[in-house]
Structures are given as C-alpha cells and as structure tokens.
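Here are a few exercises to work through with the model open beside you. Try each task before reading its solution.

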Amino acid sequence: MINQEKHFDILPIDKITDIENKSEYKKLEITSSQKIQMGGFVQQIPAVLATKTLAEAYILKFPNGISDACQLMQYRSGGYGTALMGETGIAGHASLYKTTGQAAAFGAFTAMSIASGQYFLAEINKELKTINQNIDNILKFLYGDKKAELLAEVSFAGYAYQNYSSIMEHEQQRLATLTNLQESKKVAMKDIEFYMSDLNAIVTSKNVSDLNAIVDEAVQIKDSLLLSIQLYIMSTLLEVYYSGNHNSDYICYVEKGATTYMSKCENRILSCFSMLKTRITDYKEGVLKKLDKPKLEKKADEIINSFSEGNESELRKAFRQTIHALGKKAEYVIDSEGNVYLKTG
C-alpha cells in the first residue's frame, strides 16, 4: 500500500489561497480524534515518502554479538519466531520495530475515508425530505400497527447517520450498528409492501360515496410509503458504508437490487395515482353530491408528475452517486493544521 504500488500518491502542492471559498473543494468535518490523527500524519509525511515499507510491516533488528550462523527459529507450521537459534540452542532474540510512519499514514487514510463517507451520506440525506421531517409532522400521516415500528427504525437510521464518524472509530459499536441497520432494511421492505397494499386497495375500492376522503387517505398512505422507501434507501447505504465492503461485485449487487426495487415502487405509486386520477375525472356529480374536481385532480397530478419527470428519479440518481463514491479515486488537500478538504469538482 505505498505509492510505488500505485495505491496512492502523496504530492506537495503550492498553497491554495482561500480554499474554503472554492466550490470544487469541500472541507470535511472530522472528529477530535481524527484531527489528532491528521496532525500526526502531517508530521510523518516526510518519513512516509522516504520509506518503502508497508503500514503493518516491521523492521527486524538482530542484537549485537550474534553469529552470522544463527537463524530465526522455524515453527513446524512454516512460520518463524524471533528466537535466534545457534548450534547449542537459543542464542538470543531479534527485535521487531513497527514502521510508525506508515501507521500514521494509514490511520490518516482511514480518518479521511470515514470523513468523506459522512460527506457523501450528507449529500443524499438532503434528498430524503420525508424522513427528515420533524417527528410531529411524521406522526400526522403515520397510522396503524406499523406506526411505532417505523418511527423507531427511522429514529435509529437518523442516529446511525448523525454519528457515523464517531461510531466508525469503535469496532464493537460499529458491528452492533451494522446489525441493526440490516434489520432496519428488512423492516422498511415489509412496511413498503404493507403500505403499497393499502394504497392499491383504497384506489381500487368500489366505494365512491366520499371521493374527498379517498383522495386524502391515498395521500396519507403515500406519505407513509415514501417514509418507508427512504428508510430502505438510507439503511441500505448506511449498511454498505458501515461494513467497509468496497468489493465491486458486492457494490454492483446492492446497487442493482436497490435501484430495481425503488423503480418498481415508484411505478406502482404512479400506477395507483393514475387510477385515482381517472376515478376523479370520471366521477359523476349528482344534485346532492358536489365535488371540487379541479382541486382533487391537482392533488393527484402533483404526485403523478413527481414520479414521471424522467427515466430515473432524482432519488435513484442520488443513490447511485452515493454508492459509487466508494469506488472512486479520492483527492484530498491537507493543510499544515490537519484540516482536510475533499476535491469534488
């Protein structure tokens, strides 16, 4: 993992003036411990550039006075110990010294990776408008047996997102969070199917005695459905980021599965509200049954248009960008104070 192996390059650059106001650079938010790591890395950069050893490599030093005939102890398993074997037995012990320059480098790379992960997650979080509403607004449209369950999972996903950088630094907490995120994704999919079934039932109901109530209920179900879909998206992405699994086959599998499922959900919502729009248009008013059809048609049209603006929704595009950010070559600028800037443009 050195620049000679083309895994990374460390290059000195001239000072970039006013970098915080340059749109192509984004300052990464880093924790206090990550700040310390970056400061240590800055001090170690000359050593990192000068050495060819790996981050987990050790320098083996033989003690003075040991004969050239001595050899490292060889185990039956094929490995070697640090005991030095002479003609009559153990003649001494060699010492292992960790290459601290590389240790600092890879600690810093881990910190930058976590910080950039938080940045990319923040970018898609901006698109999740339903899940980002305050609890009072969410409670206005959630209903039924799924209400408490979904609210709890949404709250947990928010916790995992907000504390990503901190949790990633603690292995046991990271693993526990990862397990719960996998459960959140399963809950989200079950709730999606539950609300989708309810939406289909209400728009195909033969009861037309109160079309106003039917439209209001359909919109309420749609909001609950969107909340479940956005929980599915966020928990899926958080699982990938928390796992640290950047295998290209795995990423492609997750991307294909999630975007295909999102597409099906969007098409089903579009189909349901298209049917509802037809019911509104075809509704025959009686003397005692007056209906503000333009108002109801506008409600349906707004939802229909939001799911038929193009071949791929903005949410799916944002999902693709966020998951592919894991495999892209990253370029960082680190100043003398340990501040880190990610080049995004």
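The mean pLDDT of this predicted protein model is 78, and 72% of its residues reach 70 or more; pLDDT is the predictor's confidence in each residue, from 0 to 100. Residues are numbered from 1 along each chain as its sequence is written. Local features need pLDDT of at least 70 and side-chain atom pairs count only at pLDDT 80 or more, while totals for chains, interfaces and linings use all residues, and side-chain values use heavy atoms, leaving out hydrogens and water.

**Exercise 1. Find where confidence is lowest and where it is highest in the protein.**

Step 1: The lowest mean, 52, belongs to strand S2 (residues 58-61), and the highest, 94, to helix H6 (residues 171-203). Helices (H or I, at least four residues) and strands (E, at least two) are DSSP runs, numbered from the N terminus.

Step 2: Look also at residues 52-57, where pLDDT is below 50.

**Exercise 2. Work out which strands stand at the edges of the open sheet.**

Step 1: The sheet has 3 strands in the order S1-S8-S7, with antiparallel pairing. Two strands pair if DSSP finds at least two bridges between them.

Step 2: Strand S1 (25-27) and strand S7 (332-334) each have a single partner strand, so one side of each is left without a neighbour in the sheet.

Step 3: S1 and strand S8 (residues 340-343) pair over 3 bridges, and Lys26 stands opposite Leu342 in S8.

**Exercise 3. Decide whether Thr236 is buried or exposed, and list its contacts.**

Step 1: Thr236 lies in helix H7 (residues 211-243).

Step 2: Its relative accessibility is 2%, so Thr236 counts as buried. The classes are buried under 20% relative accessible area, exposed over 50% and partly exposed in between (1.4 Å probe, protein chains only).

Step 3: Leaving aside neighbours within four places in sequence, Thr236 is in contact with Lys185, Val254, Ala258 and Phe319. Contact means heavy atoms within 4.5 Å.

Step 4: Phe319 is one of the buried residues of helix H10 (residues 314-324). The buried residues of H10 fall within an arc of 160°, so they line one face of the helix; the arc is that of the directions from the helix axis to the C-beta atoms.

**Exercise 4. Describe the salt bridge between Glu239 and Lys185.**

Step 1: A salt bridge is a side-chain nitrogen of Lys or Arg within 4 Å of a carboxyl oxygen of Asp or Glu. Here the closest N and O atoms are 2.9 Å apart.

Step 2: The pair links distant parts of the chain, with Glu239 in helix H7 and Lys185 in helix H6, 54 residues apart.

Step 3: Glu239 is buried at 10%, whereas Lys185 is partly exposed at 21%.
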